[in-house]
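Me: I would like to go through this model with you. Could we take the contacts one by one and then turn to the backbone?

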Amino acid sequence: MAITSPERRVWWNEPVERVELIWAGVALLWGLFMFFFMIAWHFIGQQNLSNEAYRVVPDAYVQKVEDFAQKYQVRDEAGTPVVKPPAGVDVYLLGRLWQWWPVLELEKGQSYRLHLSAADWQHGFSLQPININIQVHPGYEHVMTLTPTEVGEFGIICNEYCGIGHHTMTGKIIVVDKQGAK
Amino acid sequence: MSTTYDGMASTIRDKTATFRLCQYTGLKVDVAAQRLIIANAVAAVVFLAIGGVMGLMVALTRWPAVHLLPAEWFYLILTAHGANVLLFWIIFFEIAILYFASAVLLNCRLVGPRLGWFAFLLMVAGGIAYNVAVFQGDSTVMFTSYPPMMAKPLFYISLIAFAVGALIGVGLFFATLAVARAEGTYEGSIPLVTFGALTAAIIAVFTLVTGAIILVPTFLWSVGLIREIDPLMYKLVWWAMGHSSQQINVSAHVAIWYAIGALVLGAKPLSEKVSRTAFFLYILFLQLASAHHLMAEPGISSEWKIVNTSYMMYLAVLGSMIHGLTVPGSIEAAQRRNGFNKGVFEWLRKAPWGNPAFAGMFLSLVMFGFIGGISGVVLGTEQLNLLMHNTLYVPGHFHGTVVAGTTLAFMAGTYLVLPLIFQREIIWPKLAKLQPYIFGAGAAGISMFMMGAGTLGAPRRHWDINFTDAVISFQHSPGVFLMMALNGISAILAALGGAIFVLVVVGTALFGKKIGPGHRLTFPLHVGARSVAKYGSDGTVKLPGTIVLVSIFFLAFVLYYFVNWKYLSDLWLFR
């Protein structure tokens with residue numbers, strides 16, 4: 001029994017049930033498949049998280065985002081600037097207590113280099129209802145290429161606990177059709 | 001060694017310890033070990049009760065129609081809930097398991113019972129101090145306490161004290177194994193259950209030391225002696241403690257599954273070699289799991305993520321999948337030997353479903369595999385993680401492993417500990433019979449409904465998914481609200497099951513009938529529990545029922561895995 005010592009002192013030589021061998025084989029192969037599928041998705045998939053990141057002083061990052069917002073601001077929404085950068089440029093988004101700043105207006109089908117970092121504590125970038133979730137650290141500037149594939153207004157919520165105002169931390173990405181496209 | 005027997009032949013004394021002979025198992029039980037097992041089990045149940053009430057409050061707050069607690073209290077209670085159940089309930093119980101699997105199963109004295117009491121007191125002090133620190137306010141940093149968010153020094157020091165106490169307990173386990181071997185209290189190899197406990201203990205050393213490596217500098221940071229803790233480095237090291245410690249639970253509750261199968265049904269491992277190899281895979285690969293919490297982080301390469309998140313090509317998952325066959329397989333083989341040999345499933349239909357130890361164990365096995373296991377692999381896939389990172393899917397997953405899996409298994413084990421170690425007959429057996437089903441249904445519900453809400457995007461650790469006070473408003477889909485309501489109802493059910501458990505344990509410990517010689521147990525053990533049973537490969541027994549069960553499991557696994565890749569491929573493009 002499982003609560004007593006093995007009957008035979010040398011249990012290593014005992015024959016193994018066939019069903020155990022087959023199941024272990026199936027499980028091993030499935031594990032290998034899942035392992036290689038993650039690698040394969042880097043080649044066949046369109047959704048892979050960028051590995052590009054830089055160390056940054058939080059205050060310096062805040063400055064970069066403010067410069068970016070000032071340069072491309074098109075209007076104001078509830079006191080937050082709405083920023084519409086031209087396609088292909090570097091886009092900056094800041095997580096801080098307690099907002100995602102600024103509101104971004106992007107074009108469908110265009111690719112943007114999105115920079116993500118935090119001013120103070122860790123935050124969780126959570127694009128809804130798409131459901132793309134990325135951790136944001138102060139001191140690390142994460143750079144990825146993002147291509148919106150649908151038009152509409154999308155919420156950004158925070159899903160890393162960041163203090164008492166955590167549940168009020170939101171932001172927005174507006175996606176519009178390509179200019180000139182009918 | 002001079003051994004003297006007293007008149008009743010039920011107590012044995014030697015130079016170092018006093019033993020009693022168990023009338024049901026024939027095991028020689030060190031009375032000092034028995035006292036420590038009782039103390040640790042009682043402390044575990046107390047923390048379960050405290051943490052469980054907190055969990056109910058959290059779930060009722062997250063049910064938007066109820067929204068029980070104000071925001072400050074919600075975050076504070078959530079911080080306390082995590083440590084009380086995930087650390088204190090589980091590790092106290094695991095220390096009890098370690099003492100049982102070493103001293104009791106090996107017929108040996110427990111080494112250093114005084115040190116064991118010191119460890120116990122240190123752990124109790126750590127547990128109480130943690131709650132004091134959290135309830136003083138200013139330490140609402142969640143269980144994970146990610147920097148740069150800082151708690152009060154007492155918060156960190158209490159966890160360090162608890163970990164040191166636990167480490168001493170683990171040390172006594174190793175020492176007892178060494179003494180048992182030196183004194184020849186058993187023949188050949190240690191039993192499989194002890195082997196599983198040894199696996200848990202080895203992983204425990206890794207995790208507790210890792211915990212010290214990260215919590216000591218974080219404590220020094222909180223008192224101002226260190227200027228900065230890098231948030232990414234903290235997560236890497238903290239989760240080498242935080243996630244790997246969940247593998248202590250897996251090893252421990254798999255050991256409990258085997259133990260209950262043996263005691264209640266006379267089950268023996270299909271083959272020692274396979275079951276032990278599966279445990280050994282845990283030791284080799286489980287500590288890579290820190291990566292599960294770093295899939296969505298900046299500055300870590302995909303190569304590192306893939307190798308680590310998959311436990312090196314899923315070799316630790318392989319261990320769990322093997323147990324997923326060998327545990328029900330050994331039960332089917334035993335039941336067929338017990339005479340339930342008709343058809344594919346008579347062995348399962350006529351299993352002792354009225355015995356809460358068995359019912360809890362089997363529900364734990366099924367739910368750990370189907371809910372906790374499958375969701376864990378999906379969540380731990382590099383790209384799929386971005387669909388679920390930090391959503392409610394994450395607590396959904398780990399309530400499937402730690403509540404439906406570990407906690408239910410430990411509860412099931414308690415129904416054997418009460419008569420065999422406390423030596424009290426279980427009071428309210430009818431209530432006890434129902435308990436695993438009520439708790440199991442609740443645990444399954446909270447796991448699956450939180451996973452559902454997370455799939456729809458609901459964030460974890462969040463007081464208001466209506467975003468009432470947000471400057472830029474956001475509205476979740478109605479499905480999220482339905483899931484949160486169902487989660488709240490399930491939490492009430494789980495809390496009811498938990499309350500019955502606590503009542504039965506406390507009631508039995510205080511008022512249960514003392515078990516004397518010749519007493520017939522309400523929930524009987526298998527006759528084979530008393531004899532020196534046969535072990536090893538069962539030879540000719542066919543296991544069609546188990547094959548059907550694992551086939552259903554495998555199909556569910558593969559389908560669910562690919563469904564999530566389909567979800568992922570519908571997202572915006574990013575690279």
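**Salt bridges, interface and backbone**

Reply: Over all chains, the structure holds 16 salt bridges, each being a side-chain nitrogen of Lys or Arg within 4 Å of a carboxyl oxygen of Asp or Glu. This is a predicted model, in which local features need pLDDT of at least 70, side-chain atom pairs count only at pLDDT 80 or more, and totals for chains, interfaces and linings use all residues. Residues are numbered from 1 along each chain as its sequence is written, chains are lettered from A and ligands numbered from 1 in the order in which they are written, and side-chain values use heavy atoms, with hydrogens and water left out.

Me: Which residue forms a salt bridge with R75(A)?

Reply: The partner of R75(A) is E105(A), and the closest N and O atoms are 3.0 Å apart. R75(A) lies in strand 2 (residues 73-77) of chain A and E105(A) in strand 6 (residues 103-107) of chain A, so the pair ties together parts that are 30 residues apart in sequence. Helices (H or I, at least four residues) and strands (E, at least two) are DSSP runs, numbered from the N terminus.

Me: How many salt bridges are there between chain B and chain A?

Reply: The count between these two chains is 2. R55(A) forms a salt bridge with D230(B), where the closest N and O atoms are 3.0 Å apart. Helix 17 (residues 544-569) of chain B gives the most to the side of chain B that touches chain A, namely 11 residues. That side of chain B divides into 68 nonpolar, 27 polar and 19 charged residues. Here Ala, Val, Leu, Ile, Met, Phe, Trp, Tyr, Cys and Pro count as nonpolar, Asp, Glu, Lys and Arg as charged, and the others, Gly among them, as polar.

Me: What area is buried between chain B and chain A?

Reply: The buried area is about 9,000 Å², with carbon and sulfur atoms giving 67%; the term denotes the accessible area (1.4 Å probe) that two parts lose on being put together, summed over both. In terms of contact (heavy atoms within 4.5 Å), 114 residues of chain B meet 86 residues of chain A.

Me: Which residues of chain B is W12(A) in contact with?

Reply: Leaving aside neighbours within four places in sequence, W12(A) is in contact with K273(B) and T277(B). W12(A) is placed in the segment before helix 1 (18-44) of chain A. The C-alpha atoms of W12(A) and Y161(A) are separated by 50 Å, and the two residues are 149 residues apart along the chain.

Me: In what sense do strand 10 of chain A and strand 5 of chain B pair?

Reply: Strand 10 (residues 140-147) of chain A and strand 5 (residues 573-574) of chain B pair in the antiparallel sense over 2 bridges; two strands pair if DSSP finds at least two bridges between them. T147(A) has L573(B) as bridge partner in strand 5 of chain B. The C-alpha atom of T147(A) is also separated by 10.0 Å from that of G88(A), 59 residues away along the chain.

Me: Where is G88(A) found?

Reply: G88(A) sits in the loop between strand 3 (80-83) and strand 4 of chain A. Not counting residues up to four places away in sequence, G88(A) touches S111(A) and Y112(A).

Me: And strand 3 itself: over how many bridges does strand 2 of chain A pair with strand 3 of chain A?

Reply: These strands pair in the antiparallel sense over 4 bridges. D76(A) stands opposite P81(A) in strand 3 of chain A. Their hairpin has 2 residues between the strands, and A78(A) takes a positive phi near 50° there.

Me: Which residues does a cis peptide bond join?

Reply: One cis peptide bond joins W101(A) and P102(A), with omega about -5°. P102(A) is in the loop between strand 5 (99-101) and strand 6 of chain A. Another joins Q128(A) and P129(A), with omega about 0°, and P129(A) is found in the loop between strand 8 (123-128) and strand 9 (132-136) of chain A.

Me: What phi does S145(B) have?

Reply: S145(B) has a positive phi of about 40° although it is not a glycine. The residue S145(B) is in the loop between helix 3 (113-135) and helix 4 (153-183) of chain B.
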